[in-house]
Amino acid sequence: MLQTLIEKWERSVHQFSTVLPAEAIKFRMEQLGLKPRDLEPYLGAKSRVSEVLSGQRQPTVDQIRALHTHLRIPIELLVGGIKHEPPGGRAPSAAAVEKLRKLGVMTAKETIEAFMARARSTVPNVAMLRKTRTDRTNAKTDFGALEAWCAAVMIKAEGARVPAGATHDGERSARALAQISRASDWPQKLVEYLTSIGVVLVVLEHLPGTYLDGAAMRRADGVPVIAITVRHDRLDNFWFTLLHEFAHVVLHLNSDLPVILDDLDVNSTDGIEAQADEFARNALIPSNIWSSRAKGNMGGAELMAIANAAGVDVSVAAGRWRFDSGDYRKFARLLGRGEVKKHFNGR
């Protein structure tokens, strides 16, 4: 009763102004130590971030969802008095359509409508992509282009054959995958091993407006598909993305969740994404090896010793150290830049 009376008195004496979305975002940025560029995965280009922070533009529905999901800003603080922008259409951009033709998955005279119809007739699960909204997709995503990319992946995956009854062994298979990174002929060994455990690998560049690193999907017959874009042409990024998507295959992919899409530049608080991140880290370098050997000030020889102990390529250890330490200047030459795409041209 006292609390109710006090609150009533406070409201009669003090006028509290409504918090604007821009103010709520700035307050959360200050709490988390974020800079405006850190908001680009959630709000879009630098100019769009500036417009939202200055109050010139109201966050869209997708931006509000991203800010709430990734920065935990209450939705009621992000909804202002200005009408939200209408959601964009489903047709991909002309640049995305042209990229599909360049990649050879869409014929020169084929329309995007005809391409999508062909995809749906070949792979019924493509129809479910229309409902896809994931926790780890960029707020700038062109969802029409995203759907088209997924359709292209599924078309390419449809022709791949895996042995009848082939299956994976969870963490043991993950460790075997990680250790292939050391082989001189790792692209061939990787495809062969994934096929032997009943998983299809598709490497397909991302389309303009999709901001993807990888995806885990299920074919119509239930066979899991790992798709990698090689958006960042580095060995460390490739192996982490691969094991992250394999984690989704092992832990999360099912008939109710047939598609999981990942932009790994976007932080996520989603439970399955945190699980996949942890699974991938431990598969590449087991926690007991990393915790006992890794330190803040390391040299190349010490990093190589960790890679040797884990049985993985040194680029994997270099990427892990840079991420954990937040120092992205060190070990840059050990990341294997330009060592991925050249092996998968035409796959």
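Which residues in α2 are buried? The structure is a predicted model, so local features need pLDDT of at least 70 and side-chain atom pairs count only at pLDDT 80 or more, while totals for chains, interfaces and linings use all residues. Residues are numbered from 1 along each chain as its sequence is written, and side-chain values use heavy atoms, with hydrogens and water left out.

Let's start with helix α2, residues 21-32. Helices (H or I, at least four residues) and strands (E, at least two) are DSSP runs, numbered from the N terminus. The twelve residues of α2 reach 17 Å from first C-alpha to last, close to the expected 16 Å; that expected span is 1.5 Å times one less than the number of residues. The buried residues of α2 are Pro21, Ala22, Ala24, Ile25 and Met29. They sit on the same side of α2 because they cover an arc of only 160° around the axis, the arc being that of the directions from the helix axis to the C-beta atoms. Over on the other side, Phe27 and Glu30 are exposed. Here, buried means under 20% relative accessible area, exposed over 50%, and partly exposed in between (1.4 Å probe, protein chains only). The cover over the buried residues of α2 includes α4 (46-53), α5 (61-71) and α6 (75-78), with contact meaning heavy atoms within 4.5 Å. After α2 comes Gly33, with a positive phi near 70°.

Next up is an open sheet of four strands, in the order β1-β3-β2-β4 and with mixed pairing. Strands β1 (200-203) and β4 (259-262) stand at the edges with a single partner strand each, so one side of each has no neighbour in the sheet. Two strands pair if DSSP finds at least two bridges between them. β1 and β3 run parallel and are joined by four bridges, and Leu201 stands opposite Ile226 in β3. Helix α9 (residues 143-158) packs on the sheet, touching β1, β2, β3 and β4, and its direction makes about 60° with that of β2. For such angles, axes are lines fitted to C-alpha atoms, for helices over the stretch in contact, and values run from 0 to 180 degrees between N-to-C directions.

Finally, the aromatic rings. Rings of Phe, Tyr and Trp (its six-membered ring) pair if their centres lie within 6.5 Å; planes under 30 degrees apart count as stacked, over 60 as edge-to-face and the rest as tilted. That rule gives six aromatic pairs. Phe238 and Trp239 form an edge-to-face pair, 5.4 Å centre to centre with 85° between the planes, and both are buried.
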